[in-house]
Amino acid sequence: MPRWWSRKECRKLDTRYRLLRDWYGGEAARVEMAAHCPSPRSVAETVRELSGDFVDPDVQIQLQLELNWQTIAGADAGRWLQICSFRNGVLELEVRHAALLREFAGCADLWRDRVNTVLNRSGVCREVRFVPAGRRK
C-alpha cells in the first residue's frame, strides 16, 4: 500500500527542515532530513503500486513471465519459444520452427507446472498452448 503524505505531514516536514536549516545550515539540514523521511523507492516500485488497480491481472502475469522467461525456458528452449499471450489462465507460446511444434506440445503439462513454480502461484496457469511462428503482435 503506498503511503500518501497529507498536507499536515508535509507541513511538519517543512517545519523540521526549516528548523534544521537554521540550526545546522543548508547542506547538513538535508542530511539530517534523510533520517526523518521514508527510505527512497525506485520508480518501478512506485509505478507498480500506482498502476496495480489499472492494469489487467493477465497483463501483469504476462509481464512477470517475460521477466522470468530465461528461468522458465532455459537457454535451449528459450531460443525456439517466445511468449505470445496470457489470457484467462492460458499461456500461448510461439514456436519459431514448425518441426518443433509437435515436440513441445507433448510436454505442455510440464511447461504449465514450470510456469506455476517460477511464478510461485499454483493454478495461475491452467493450460499451455503452442502456436506456430507469426502469431505474435
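In the largest nonpolar core, which has 21 residues, Leu-65, Leu-81, Leu-91, Leu-93, Trp-111 and Phe-130 touch the most other members; a core of this kind is a set of buried Ala, Val, Leu, Ile, Met, Phe, Trp, Tyr and Cys residues joined through side-chain atoms within 4.5 Å. At least two residues of this core come from each of H4, helix H5 (69-80), strand E1 (81-87), strand E2 (90-95), helix H7 (108-119) and strand E3 (127-132), where helices (H or I, at least four residues) and strands (E, at least two) are DSSP runs numbered from the N terminus. The model is a predicted one, in which local features need pLDDT of at least 70 and side-chain atom pairs count only at pLDDT 80 or more, whereas totals for chains, interfaces and linings use all residues. Residues are numbered from 1 along each chain as its sequence is written, and side-chain values use heavy atoms, with hydrogens and water left out.

Leu-65 lies in helix H4 (residues 57-67) and, at 0% relative accessibility, counts as buried (buried means under 20% relative accessible area, exposed over 50% and partly exposed in between, with a 1.4 Å probe and protein chains only). Apart from neighbours within four places in sequence, Leu-65 is in contact (heavy atoms within 4.5 Å) with Ile-72, Ile-83, Phe-86, Leu-91, Val-115 and Leu-119.

Between H5 and H7, Trp-69, Thr-71, Ile-72, Ala-73 and Ala-77 of H5 meet Trp-111, Arg-114, Val-115 and Val-118 of H7.

The whole structure holds four salt bridges, a salt bridge being a side-chain nitrogen of Lys or Arg within 4 Å of a carboxyl oxygen of Asp or Glu. One of them joins the side chains of Arg-18 and Asp-14, with an N to O distance of 3.3 Å; because these two residues are four apart in helix H1 (residues 7-24), about one helical turn separates Arg-18 from Asp-14. Arg-18 is partly exposed at a relative accessible area of 38%, as is Asp-14 at 39%. In H7, Asp-109 and Arg-112 lie three residues apart, about one turn of the helix, and form a salt bridge whose closest N and O atoms are 3.3 Å apart. Asp-109, Arg-112 and Asp-113 are linked in a network of salt bridges.
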